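Q: Please take one part of this model and examine it closely. I would like its surroundings described as well, with the cut-off behind each term.

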Amino acid sequence: MAKKVAVIGAGVSGLVSLKCCVDEGLEPTCFERTEDIGGLWRFKENVEDGRASIYRSVITNTSKEMSCFSDFPMPEDFPNFLHNSKLLEYFRIFAKKFDLLKYIQFQTTVLHVKRRPDFSSSGQWEVVTQSGGKEQSAIFDAVMVCSGHHILPHMPLQSFPGIERFQGQYFHSRQYKRPAGFEGKRILVIGIGNSASDIAVELSKEAAQIPPERTRPE
């Protein structure tokens, strides 16, 4: 009898995990809390609790040759660096090619995962899920957690004394979607990572001023 595997999440990691399970003769079931595949790379207009969020203009910072699955090259007509919508299109092609959707239970939230009482001998897990207001429990031989790690924003407000008196708007890049609405404003972007650089450049076309972040020398 094939080993049963629970895969939590149907984003990039969840999809490739499903394919690997099938390739190895395992019996996977994927639980996806939303209505579609794609995870981080599926843009939505509104920020949702428990789900990664990206801005509309996000483009990959690695080439399509470096970003594709090792056994499934991206279409030749795809640009070298992909807009998030193109990467999602690639995931859809991948899922269809290997018939992965039949293993996914959409709009199903995993409430908790725990070891079975006989775990020391069976190695099995109990996975409790919720869908349509109903809870269900199932037993699996293995669990693959593919829920991502870009969900909870880090907002160290204690590092900004007086922030409670600031009259303007402040928010994490997770909340940012597009430059509309920032016309003529003075904006401070804190950080110099990928998102900060993207957002600063994009806002510079609309904002009155984006002063550089000043950091204390080491």
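A: S131 is found in strand 5, residues 125-131; strands (E, at least two residues) and helices (H or I, at least four) are DSSP runs, numbered from the N terminus. The model is predicted, so local features need pLDDT of at least 70 and side-chain atom pairs count only at pLDDT 80 or more, whereas totals for chains, interfaces and linings use all residues. Residues are numbered from 1 along each chain as its sequence is written, and side-chain values use heavy atoms, with hydrogens and water left out.

With a relative accessible area of 34%, S131 is partly exposed; that class lies between buried, under 20%, and exposed, over 50% (1.4 Å probe, protein chains only). Leaving aside neighbours within four places in sequence, S131 is in contact (heavy atoms within 4.5 Å) with F106, Q107 and T108. S131 and R33 are separated by 98 residues in sequence, yet their C-alpha atoms are 8.5 Å apart.

Helix 1 may be considered next. This helix covers residues 12-23, twelve in number, and reaches 17 Å from its first C-alpha to its last, close to the 16 Å expected at 1.5 Å a residue; the expected span is 1.5 Å times one less than the number of residues. Just after helix 1, G25 takes a positive phi of about 80°. The buried residues of helix 1 are G14, L15, S17, L18, K19 and C21. An α-helix has 3.6 residues a turn, so residues three or four places apart point the same way. The buried residues of helix 1 pack against strand 1 (4-8), strand 2, helix 3 (84-97), strand 3 (104-105) and strand 7 (142-145).

Within helix 1, L18 has a relative accessible area of 0% and is therefore buried. Not counting residues up to four places away in sequence, L18 touches V7, P28, C30, L100, Y103 and I104.

An open sheet of four strands has the order 3-2-1-7, with parallel pairing, where two strands pair if DSSP finds at least two bridges between them. Strand 3 and strand 7 are the edge strands, each pairing on one side only. Strands 1 and 7 pair in the parallel sense over four bridges, and V7 stands opposite M144 in strand 7.

Aromatic residues complete the picture. A search of the whole structure finds 13 aromatic pairs; rings of Phe, Tyr and Trp (its six-membered ring) pair if their centres lie within 6.5 Å, and planes under 30 degrees apart count as stacked, over 60 as edge-to-face and the rest as tilted. F31 and F140 form an edge-to-face pair, 6.0 Å centre to centre with 85° between the planes. This pair links distant parts of the chain, with F31 in strand 2 (residues 27-31) and F140 in strand 6 (residues 134-140), 109 residues apart. F31 and F140 are both buried. The rings of Y90 and F91 have centres 6.0 Å apart and planes at 50°, so this pair is tilted; both Y90 and F91 are buried. Ring pairs link F69, F72, Y90, F91, F94 and F98 into a cluster. The charged end of K19 sits over the ring of F98, 4.6 Å from its centre; the criterion is NZ of Lys or CZ of Arg within 6 Å of the ring centre and within 35 degrees of the ring normal.
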